[in-house]
Amino acid sequence: MRIALFGYGKMGQMIEQVAIKRGHEIVAKIDENSENIDFSTMDVAIDFSMPEAAFGNITKCLHNNVPIISGTTGWLDKYEDATTLCQEKKGAFIYASNFSLGVNIFFELNNYLAKMMQNLPEYNVELEEIHHTQKLDAPSGTAITLAEGVIANSNYKQWKLDSASKETLKITSKRIGTVPGTHTVAYESIVDSIEIKHTAHNREGFALGAVTAAEWIIGKAGVFSMRDVLNLG
Ligand SMILES: NC(=O)C1=CN([C@@H]2O[C@H](COP(=O)(O)OP(=O)(O)OC[C@H]3O[C@@H](n4cnc5c(N)ncnc54)[C@H](OP(=O)(O)O)[C@@H]3O)[C@@H](O)[C@H]2O)C=CC1
Ligand SMILES: O=C(O)C1=N[C@H](C(=O)O)C[C@H](O)C1
């Protein structure tokens, strides 16, 4: 498969390693200064760039009929515009806040746990995410997906950074050293605590998930998710 990388930072470089190991070819490494991009050389594009760049990269790919996988976080105010364009162009697009297999299982676990806790008012739930100090957005995209999972299965109406109320689910974001990504969902009552936690040890799981999604999307049209790729039901 001929893969173009939009963004060649920490994730772009890890994806290159994983893709080459799986027999793929990197045909372009695109950054904010790239001009005259030749879309005809690409079977698929993978975008791990920056919050302000992702939507532009996605729309360029869709306009040029190149399937696009995006893992960039912090741009989701434009997600619906991207899906509408994808449908208009009969293109192929996947966004995931987290491409790792482990986190996608963790998302399912989070939804299941939230459903079980729904009618147990003695428990209070909070989310925490920890990432490296270079991360630009907060809360993490993964924490937002986890919060959406809790909200869909509880009486919470919204999430907020550092602030809680009866209707507001609190997310705490910490930035420490080189932490690749740690997410905790904690339910607390007076008598006990229930915690589920995912700890990424490095970036390889994210990269493998993104390359797997790129392999899966070839020949398909539509807006998909990692639930589709991993066949999680
Ligand atoms: N969904 C997932 O599984 C994961 C998502 N992420 C997300 O992916 C994104 C990238 O993370 P990471 O690789 O760690 O970040 P880095 O900062 O290491 O890399 C981002 C790269 O994007 C480049 N860039 C800037 N503008 C553009 C542009 N217009 N087009 C293409 N590239 C551009 C930057 O170049 P320059 O430095 O020259 O500006 C930089 O090299 C973040 O949003 C992060 O949250 C990260 C890990 C997993
Ligand atoms: O910026 C990162 O590094 C990560 N970003 C994603 C997020 O915002 O959830 C995924 C992963 O946790 C690493």
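Because the model is predicted, local features are considered only at pLDDT of at least 70 and side-chain atom pairs only at pLDDT 80 or more, whereas totals for chains, interfaces and linings use all residues. Residues are numbered from 1 along each chain as its sequence is written, while chains are lettered from A and ligands numbered from 1 in the order in which they are written.

The protein contains seven helices and eleven strands, where helices (H or I, at least four residues) and strands (E, at least two) are DSSP runs numbered from the N terminus. Along the principal axes, its C-alpha atoms fill a box of roughly 60 × 40 × 30 Å. The radius of gyration of the protein is 18 Å, which agrees with the value near 17 Å that a compact globule of 233 residues would have; this radius is taken over C-alpha atoms, and the globule rule is 2.2 Å times the number of residues to the power 0.38. Of the 233 residues, 36% are buried, a residue being buried if 20 or more other C-beta atoms lie within 10 Å of its own, exposed if 12 or fewer, and partly exposed in between, with C-beta atoms placed from the backbone.

Ligand 1 is surrounded by 24 residues, the closest of which are Gly 7, Gly 9, Met 11, Ala 53 and Gly 71; a residue belongs to these surroundings if its C-beta atom, placed from the backbone, lies within 6 Å of the ligand. Helix 1 (10-21) and helix 2 (51-63) each supply at least two residues of this shell, and helix 1 gives the most, with three residues.

Helix 2 also meets helix 3 (residues 79-89), their axes coming within 10 Å and crossing at roughly 5 degrees, where axes are lines fitted to C-alpha atoms over the stretch in contact and angles run from 0 to 180 degrees between N-to-C directions. Helix 2 is therefore roughly parallel to helix 3, a description that applies to angles under 35 degrees. The contact is made by Phe 55, Ile 58, Thr 59, Leu 62 and His 63 of helix 2 and by Ala 82, Leu 85, Cys 86 and Lys 89 of helix 3, two residues being in contact if their C-beta atoms, placed from the backbone, lie within 7 Å.

Glu 35 is placed in the loop between strand 2 (25-30) and strand 3 (44-47), and is exposed because 5 other C-beta atoms lie within 10 Å.

Terms used
Parallel < 35°, antiparallel > 145°, perpendicular 65-115°, else oblique.
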